[in-house]
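Open the model in your viewer and keep the sequence panel beside it. The tour below moves from the whole chain to single residues.

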Amino acid sequence: MTGRRVRGAAAGLLAGAVLLGTAACSDDGNPVSGAVSEAASAVASAAEGVTDAASEAAAKAEQQLSEVKDGVDARDEVRLGDPATDADGRTTVPVTVDNTDDQARSFAVQVTFKNGEGKLVDTVVVTISDVPAGKPGEGTARSTHKLSGSVTPSVTTALRY
């Protein structure tokens, strides 16, 4: 990917994340854009290493998160397990959420995968639906394509709704 296309893709992702941050508000008007802003910063700082596949995955993740209405930041309620490689060669990581609310809630968790150099190589959104009040819920983040070498997953955004 040329430098101009990489910067253009990163700028587009950044702009989309900013728009998402302004659109994703809870009922009381408090923005949940902090997590989205951090994700946008991570994309911008990793712009030189963004691949076409990572750009496409980031755009899809952005679109999925934009569909969440009345979400609240829940990053502190999410834990990731150890990454593994499935039979198709894709990286998987267990995702556990703790529903600390007093009613059943769903979670949208964006997991970002970075290579050994810290560059963004993929990102996905895992939806864990209808987690009972006070209980944990589980899901699995699976990369959108085969990732080679050492890969480190992290939670970029987590919304409880």
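## The whole chain

Buried residues make up 42% of the 161 residues in the protein. Here buried means under 20% relative accessible area, exposed means over 50%, and partly exposed lies in between (1.4 Å probe, protein chains only). This is a predicted model: local features need pLDDT of at least 70, side-chain atom pairs count only at pLDDT 80 or more, and totals for chains, interfaces and linings use all residues. Residues are numbered from 1 along each chain as its sequence is written, and side-chain values use heavy atoms, with hydrogens and water left out.

Switch to cartoon. The protein has three helices and eight strands. Along the sequence they run α-α-α-β-β-β-β-β-β-β-β. Helices (H or I, at least four residues) and strands (E, at least two) are DSSP runs, numbered from the N terminus.

## Stop 1: helix α3

Select residues 52-66, which form α3.

Zoom in on Leu65. Its relative accessible area is 2%, so Leu65 is buried. Draw a distance to Val109, 44 residues apart along the chain: the C-alpha atoms are separated by 8.6 Å.

## Stop 2: Val68

Move on to the loop between α3 and β1 (72-73), where Val68 lies. Val68 is buried, at 10% relative accessible area. Which residues does Val68 touch, not counting those up to four places away in sequence? Show Ala108, Leu159 and Tyr161. The C-alpha atoms of Val68 and Ala108 are separated by 7.7 Å, although the two residues are 40 apart along the chain.

## Stop 3: the nonpolar cores

A nonpolar core is a set of buried Ala, Val, Leu, Ile, Met, Phe, Trp, Tyr and Cys residues joined through side-chain atoms within 4.5 Å. The largest one has 18 residues; select Val95, Val97, Val109, Val111, Phe113 and Ala141, which touch the most other members. Two or more residues each come from β4 (90-98), β5 (105-115), β6 (120-131) and β8 (151-160). The largest share, five residues, comes from β6.

Apart from this core lies another, of six residues, among them Ala61, Leu65, Val68 and Ala108.

Go back to Ala141. Leaving out residues up to four places away in sequence, Ala141 touches Thr91, Thr92, Val93, Val95, Val111, Phe113, Val124 and Val126.

## Stop 4: Ser143

Finish in strand β7 (residues 136-146), at Ser143. Is Ser143 buried or exposed? Ser143 is buried, with a relative accessible area of 1%. Show its side chain: it reaches the backbone oxygen of His145 at 2.7 Å. Then show Arg90, Thr91, Phe113, Asp122 and Val124, the contacts of Ser143 once neighbours within four places in sequence are set aside.

Definitions and conventions
A polar contact is a pair of N or O atoms within 3.5 Å; within protein, one must be able to donate a hydrogen and the other to accept it, and residues adjacent in sequence count only if both atoms are side-chain atoms. Contact means heavy atoms within 4.5 Å.
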